[in-house]
Amino acid sequence: MSRVAQLADAIEQVGSGLFLVVTGAGISLASGIPTFRGNDPEAVWKRDVTELGTFRYFQEDPVGSWSWYLSRFAKVLGAEPNAAHHALVALEDWQTARGGSTLLVTQNIDTLHRAAGAKNLVEVHGAADRLRCPIDGCRYGAPRGSLARADFDLEPFQAEPIAENLPHCPDCNVILRQHVLWFDEYYTSHEDYQWQRVQSAAGLMRLVLFVGTSFAVGVTDMFVQQGLLGRVPIYSIDPGGTPPPYLGIHVLADRAEELLPAVCQRLGAKIHESN
Ligand SMILES: [Zn+2]
């Protein structure tokens, strides 16, 4: 059986249950966004991301932390969803239309699933188009506050990267932080990460499809463990065909932007490209 047929059959068999998709940086490569920690030649900042992507680094050196993020956001904010993002929306609509449910959990902060029109979506690592106050309890900070990045002018900082030119909290007047989950933080640290919804989905899912994930962060591990425990079929689309660090995962060595549209066609799930 071809890999298209294999995945289409697995999705078909979810029936009216929950079809869960987890995406990582690999799905956005075709949109021109280099991966955070992949081996592609454009992988950003050779210095260890687990050191730079921390609340601790932000506290020690907010100017350095902001400069690092802005160098990455330049590519993120100009990017467009690719065929894989659009195909996932088509699969969501198709699954909903037959009375089933879906949840798309993305590790990406690039907001491309939202741009493509995904509805049942959790941006579990935060979003590049939001900022927040670093002080918990502030109405613009955790547990539920945030601010739109577009409301702040970052040009002064880009022209002269000093702390005074960074956006400050309108209430506390401290330097704002990225609204993303850092390596030294917890999924439960902000309501926008919707950790409870993610956890309950793990108990209900009838199929897990990983797309472009590296299996290096906690959320993938949680879904794999729950999937194996509940004997839920687990698929992973990875063009490199890298064996995941677990047994029992069906690896599909394809590009998601080619495989997923083909799966849609086979299932009769109609792809609408809004842009
Ligand atoms: Zn504040």
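This is a predicted model: local features need pLDDT of at least 70, side-chain atom pairs count only at pLDDT 80 or more; totals for chains, interfaces and linings use all residues.

Colleague: Which residues of helix 4 are buried?

Modeller: A residue counts as buried if 20 or more other C-beta atoms lie within 10 Å of its own. In helix 4 the residues that are buried are Ser 65, Trp 66, Trp 68, Arg 72 and Val 76.

Colleague: What covers the buried residues of helix 4?

Modeller: The cover includes both helices and a strand. Among the covering elements are helix 2 (49-52), helix 3 (55-60), helix 7 (155-159) and strand 4 (126-132).

Colleague: How far apart are the end C-alpha atoms of helix 4?

Modeller: Helix 4 has 16 residues, 62-77, and at 1.5 Å a residue it should therefore span 22 Å. The distance between its end C-alpha atoms agrees with this, at 21 Å.

Colleague: Where does helix 4 bend?

Modeller: The bend amounts to about 30°. Its position is Ser 71.

Colleague: Are the two faces of strand 8 covered or open, and which residues show it?

Modeller: In a regular strand, side chains alternate between the two faces of the sheet. Strand 8 (residues 234-237) has both faces covered.

Colleague: Which residue of strand 9 stands opposite Tyr 235?

Modeller: Strand 8 pairs with strand 9 (residues 250-252) in the parallel sense, over 3 bridges. Strand 7 (residues 205-211) also runs parallel to strand 8, joined by 4 bridges, and there Leu 209 is opposite Tyr 235. In strand 9, the residue opposite Tyr 235 is His 250.

How values were computed: Residues are numbered from 1 along each chain as its sequence is written. The expected span of a helix is 1.5 Å times one less than its number of residues. The bend at a residue is the angle between axes fitted to the seven residues ending there and the seven starting there. A residue is buried if 20 or more other C-beta atoms lie within 10 Å of its own, exposed if 12 or fewer, and partly exposed in between; C-beta atoms are placed from the backbone. Two residues are in contact if their C-beta atoms, placed from the backbone, lie within 7 Å. Two strands pair if DSSP finds at least two bridges between them.
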